[in-house]
Amino acid sequence: MAEIAQTLKLLLNKVFDIREGEYKTAILMQLNIFLLIFTLLIVKPTVNALFLSKFGAERLPEAFILVALTAIITTTVYARRLTKLSLNRVIEQTLFISIVVLLLFWASLYTNFLEGWVLYFFYIWVAIFAVLSSSQFWILANLVYNVREAKRLFGFIGAGAICGGILGGYLTSMLAPLIGTENLVLIAALSLIVCIPITRSIWKRKVASLNVYKRRKRSVGFGEHPIRVIKNSKHLTYLACIIGVSVVVAKLVDYQFSDVASRAIEDPDELASFFGFWFSNLNLISLLIQLFLTSRIVGVWGIGTSLLVLPVGIFFGAVSFLVLPELAAAILIKSADGSLKQSVNRSAIELLSLPISQEIKNRTKTFLDVVVDSLATGTAGIVLIFIVRGLGWSSQAVSLAIILLLLLWIYVAYLVRIEYINLFKNKVVKESGKVRKETRVAQTPTSIISEIRKVLSTGTDSQVLYMLGKTKEMKDDRFINNFISLIEHNVGEVRVAALENLSYYKSNFTEDVEKLVFDPNQKVSLAALQYLFSRSPNHIQNLLETYLNHPNQNIADNAMLCLAIEARNNTTLKETFALADRLRKKIVRLSQATDSEILHLLEILGAANIADLNAYIASFFSHPNPVILNSAILNASETLNPDFIPPIIHLLSFRTHRQTAKTALVHYGLPIIDALLVMINNKTIEPTAARFVPSVIASFNYQKAVNALFQIQDSNDLTLSIEALRSLNKMKEEYPGLYFNKEVIVDRILTTASLYQNTLTAMHAQIIVSYKRRNSAKSTPELEDARRSLIELLERRLDGDLERIFRLLGLKYPFDDIFTAYKGIRDDSNEQRINAIEYMDNLLDTNLKRVLVPIIETTVMDINEHNFTNVKLNIPSEYDCFKTLLTGNDQKIKLAILYLIRLSNDKRYLTLLAPYLYDENIKIKLFANEASKKLALVE
């Protein structure tokens, strides 16, 4: 038995590159998706057959519309559920509900209780189950595996889905006539029951130990609404159109296939058998096309032609059915749709996504796969109702609608191909620094594959690097020679990128790579070692022993770093090579280590992510060498350990480490926003560091970041509030798809304007008092200095509030326009200020104009002690002025007023001091008590 297991491991390693410590989880994941799709391919043919036998194909349009509406509602409820419960609990609840539904389905079949609404319910449930089960599984897969592991293992895991589809369909075909469809449903329910312990085991083994930052790193993020992202991209718009049209066509084809099949086969069990047989056949054909034809079609014919294979195949099927509306023609058109969609067409669609950043893909994937699919399904239902019921046409005439839609599909495919080439070329040109704004590149029929190879061969260094980054997402053997030649490139970064690309191919290039282990560039040497380890799984221990003990210390350190990276999430590898013990030995020798060796060690510790050794990374947070300290910061963030967050935030206060600290905090992912908000609200971040927190949050192109910055903008700390607004202005300019609530913005503008007005009247009150009492006997130099300091504080507060007003306006109106007006108002020239006010008067809405223009007019006047009487302000008494300012949130102004009251020798102010004698703020409490004691002595 042990020999069989070992043989199986070697086979899996050779074919799918599954490594030691990964086998059990990978097999469980594959078994999970196998059972899910197996269940679906048992239930779907059964439900379809019963539905058609009961109602006929003429009721399918209604079902399509109901599926679309239910899917949209379900995904909305499901998304909200995910915000309240962990993913594993939601998956288990979904499985449990699905099992209950299957048992109810079995009971309905057994008792022959198949009323109309019952069949509609089960038909809709099957469609929803298909969407949710797949979505849940791949979200779980993203949590289980990091990016490196996913690229290696998702192919193996995905094969389980195809096999589940093939076996489920064939099993239905063979057993439905023999044991009855009701017993097949029990088999499906049993399959889902098995999924529950499998899911629990996977979660416990691979996900439960991840902290919130690690989970977020592997999960799909949520930013602005996908509709905005797609709307702002012509390329994504065309892609969504292709997906939508293809789904409408698929549903029309499904209608024709179902209609002819239900008319030809009346018995429900035989019909379920027929559907199961052909669903399995389509999966099998799709698998064969994927294995043997897809890469050749996509690679040789290019993106444009590949996009046409599916619509052309359906076109011939539609014409055949139009001429001869028989079951054979229906099978032909269904075969074209079912087999080519998940093979050639899927690869072409994935290729279309190549120029799109991974972040945008993550944001739009679910929308395109679920929402667009659901809306298109509903649209197909409406089209069928119009054609079949409204016009009274038969399913044969539906082919005409299919052909018209195919013409639209082909036209959009032509548009998206042009946009694809332009987008790709623009990105390449931008990478070379030749273009800074979007330009249109001349359209050319040249294959995109040829364009890529041309750039790899003759492009500039930056163009080659950009293209090497993109070719990681697509495997094409015609690039291999380019990669091999580039591993000898004179630029180290290019050599590293070329090695990374070669690692994604099954072919072995160890002879070409081995010499790069001795490359003087440390990163190249590391990439070469990683490649050798990945290509020598059976000899990895020998390789490690060879290079870990190499006399060249850089190579030895690279070997340990390579081991740390590969073993990061693999306990078996860590224990096999005693990684922790090796690191402890290096740590013991730290006192004699050079700076270069320390940097190597920090990188290894960060990659290894061994909790017991994290303290050694922290010990370098006070190192005098800024290079080592910055390395400690970055490698601490590699561990995603939340204990490192406070010390990293502290380093924001230091200019030499600020940018590194920001990068490290961003590395923690979106959950860092919540942690930063809590620390700001609890005032556990020193002010010198807090002012840089908004710029960290603004690094995330997500709606959550916008919401967080609005919270910080409400801070009592004027500096922090302004920094939050500056970050919001930057985000609005860089990420136009994000949502900024205009009503909330207007409300905050008016609130800030009111505060500005109060501060302005208070400042004028102090100017008046200072002017009137300058020569008074009660006035003292100390008192006048205190009042002058308060006026200066109020002036600074006014400047800050004015900037806040304009930055808030910049969130409602084009920022360039607002900033132009702001510069004009701050200009020394009186004429410029007047022009700026007039500009604002024409730019603002009526309600804002009515409030802001008078304030701005007052602001730009040269107010001093000689002309303050000309200002149309309701100037309060000094007592009222102090009372208003003390109720504010500015600590510095409060302290200045309390100090001024102490020097005033005016007992009237004792009543103002009372609320602050026991203030939570120690300084305010101290100043209030000192003032109270001083005034109590006044006669």
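Q: What share of the contacts in the chain with a separation of 6 or more comes from residues 24 or more positions apart?
A: Residues 24 or more positions apart account for 76% of those contacts, where a contact means heavy atoms within 4.5 Å. This is a predicted model, in which local features need pLDDT of at least 70 and side-chain atom pairs count only at pLDDT 80 or more, while totals for chains, interfaces and linings use all residues. Residues are numbered from 1 along each chain as its sequence is written, and side-chain values use heavy atoms, with hydrogens and water left out.

Q: How many helices and strands are there in the chain?
A: The chain has 44 helices and zero strands, both taken as DSSP runs numbered from the N terminus (helices H or I, at least four residues; strands E, at least two).

Q: And what percentage of the residues is buried?
A: Of the 939 residues in the chain, 53% are buried, meaning under 20% relative accessible area, with exposed being over 50% and partly exposed in between (1.4 Å probe, protein chains only).

Q: Switching to voids, how many cavities of 30 Å³ or more does the structure hold?
A: There are four of that volume. On a 1 Å grid over the protein atoms alone, a cavity is a set of points where a 1.4 Å probe fits but cannot get out, whereas a pocket is an open set with protein on both sides within 12 Å along at least five of seven lines; lining residues have an atom within 4 Å of a point. Grid points are joined across faces, edges and corners, and a volume is the space filled by probe spheres set on the points.

Q: Which residues line the largest cavity?
A: Its space is about 70 Å³, and the lining consists of Asn 32, Leu 36, Ile 91, Leu 95, Ser 133, Gln 136, Phe 137, Leu 140, Cys 195 and Thr 199. Helix 2 (23–55), helix 4 (87–110), helix 5 (116–144) and helix 7 (181–207) each supply at least two of the lining residues, and helix 5 gives the largest share, with four.

Q: How does the lining of the largest cavity split by class?
A: It has six nonpolar, four polar and no charged residues, with Ala, Val, Leu, Ile, Met, Phe, Trp, Tyr, Cys and Pro counted as nonpolar, Asp, Glu, Lys and Arg as charged, and the others, Gly among them, as polar.

Q: What about the second largest cavity, which residues line that one?
A: The second largest cavity, with a volume of about 50 Å³, is lined by Gly 21, Glu 22, Thr 25, Tyr 145, Glu 149, Lys 206, Asn 569 and Asn 570, which divide into one nonpolar, four polar and three charged residues.

Q: Okay, aromatics: how many pairs does a search of the whole structure find?
A: The search finds 17 aromatic pairs, where rings of Phe, Tyr and Trp (its six-membered ring) pair if their centres lie within 6.5 Å, and planes under 30 degrees apart count as stacked, over 60 as edge-to-face and the rest as tilted.

Q: Why is the pair of Phe 806 and Tyr 822 tilted?
A: The ring centres of Phe 806 and Tyr 822 are 5.2 Å apart and their planes are at 50°, so the pair counts as tilted. Phe 806 lies in helix 37 (residues 781–812) and Tyr 822 in helix 38 (residues 815–825), 16 residues apart.

Q: Are those two buried or exposed?
A: Phe 806 is buried at 3% relative accessibility, and Tyr 822 is buried at 15%.
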